[in-house]
Amino acid sequence: MTTYETEHRITVAAPPDTVYALLADVAGWPLVFGPTLHVEVLEQQGTSEEFAIWATAGGEVAQWTSRRTLDPVARRIRFDQQTPRAPLAAMGGEWIVEPEGDGTLVVLTHDFTMRPDAALGPDAVHAVVDANSEAELAALRRHAEQDEAADLLLEFEDTADIDGSAEAVHDFLWRAERWPDALPHVVALELAEDADGVQTMDMDVRNHRGEQHSLRSIRIGRPGHRIVYKQLVLPPVATAHLGEWTVTGTAHGARAVGRHRIVLEPAGIATVLGPDTDLAAAKAAVREAIGGNSRTTLRRAKETVESLARAPRV
């Protein structure tokens with residue numbers, strides 16, 4: 001069986017330890033890498049870990065499980081997919097981080113084999129690997145070179161206690177095609193769901209100034225009444241937005257929580273909010289705008305579910 005290999009490299013104007021730390025924090029990858037939608041760490045034992053990852057590849061959402069071994073001294077990370085999808089029989093590679101002058105050289109390698117009955121050839125896989133590798137390396141450099149990267153992260157959550165079942169609350173949040181009739185800020189919404197329970201959501205929303213924006217998100221249903229999502233089409237003030245809806249049962253009904261992790265974009269802040277807007281004011285404005293929509297969604301979920309719970313059965 002033929003093994004195919006690729007190599008991509010980039011220089012980064014940041015210390016090697018800074019770059020390696022970004023690569024080692026796999027749970028934080030969706031905030032750094034555009035194609036990465038969601039990561040869940042399944043197992044950690046010393047320098048070895050296994051994780052599930054959802055990412056866009058070739059215009060589609062793919063999910064697989066990988067195991068990797070970290071060497072923080074040599075700053076190398078070896079990874080191998082445990083559940084490669086067709087047309088792959090195996091896929092692995094390595095991140096190599098080395099000092100270079102005042103900065104860092106990052107080398108990303110891949111090695112893969114094809115299934116005998118593969119409908120696509122290795123050239124098609126090469127094309128996807130090349131595109132994703134170049135995008136990931138560029139994003140890694142942009143994030144590592146941003147001096148205030150940690151300060152640009154905004155995290156918050158909103159909560160609602162609801163007199164109804166967790167299943168009913170989750171249904172309101174998952175069946176988002178109903179939102180234009182239920183949520184005042186949602187003008188229009190198109191929802192497509194694949195066989196793996198992954199939704200692509202295109203939504204037009206209106207802000208408090210009457211301005212309309214188009215947004216696109218990928219939503220992934222997880223066990224335990226949990227929905228995670230990544231916004232792919234973003235407002236100018238952000239470079240990344242991860243969200244999560246979690247619904248749990250309580251003694252009196254259900255508790256719904258909307259969580260957000262947003263990386264702000266300084267240039268977009270100046271354009272949208274004005275050149276004199278400082279980071280604290282920008283965070284407050286984004287918190288109010290996105291948090292306001294989140295709170296509205298939770299409030300309407302509460303009203304809808306509690307109204308259904310009070311309705312007489314026939």
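Pro87 is placed in the loop that runs between strands β5 (76-81) and β6. In this predicted model, the peptide bond joining Ala86 to Pro87 is cis, with omega at about 15 degrees. Two residues other than glycine also adopt a positive phi. One of them is Arg75, for which phi is about 55 degrees; Arg75 belongs to the loop between β4 (60-71) and β5. The other is His225, where phi is near 55 degrees. His225 is located in the loop between β11 (212-222) and β12 (226-233). For context, most peptide bonds are trans, and a negative phi is found in most residues other than glycine.

Helix α3 comprises the 23 residues 122-144. At 1.5 Å a residue, this helix should span 33 Å, and the distance of 32 Å between its end C-alpha atoms agrees with that expectation. The buried residues of α3 are Val125, Val129, Ser133, Glu136, Leu137, Ala139, Leu140, His143 and Ala144. The cover over these buried residues is provided by elements that include the helices α1 (16-24) and α2 (29-32). Strands β1 (4-12), β6 (88-100) and β7 (103-114) are also among the elements that cover the buried residues of α3.

At the level of the whole protein chain, the secondary structure consists of 7 helices and 14 strands. The radius of gyration is 22 Å, close to the 20 Å given by the globule rule for 314 residues, so the protein chain is as compact as a globular protein of that length. The C-alpha trace extends over about 65 × 55 × 35 Å along its principal axes. Of the 314 residues, 45% are buried. When contacts between residues at least 6 apart in sequence are considered, 51% join residues at least 24 apart.

Conventions
Residues numbered from 1 in each chain as written. Predicted model: local features only at pLDDT ≥ 70, side-chain atom pairs only at ≥ 80, totals over all residues. Heavy atoms only, no water. Helix = DSSP H or I, 4+ residues; strand = E, 2+ residues; numbered from the N terminus. Expected span 1.5 Å × (residues − 1). Buried < 20%, exposed > 50% of the residue type's maximum accessible area, 1.4 Å probe, protein only. Contact = heavy atoms within 4.5 Å. Rg over C-alpha atoms; globule rule 2.2 N^0.38 Å.
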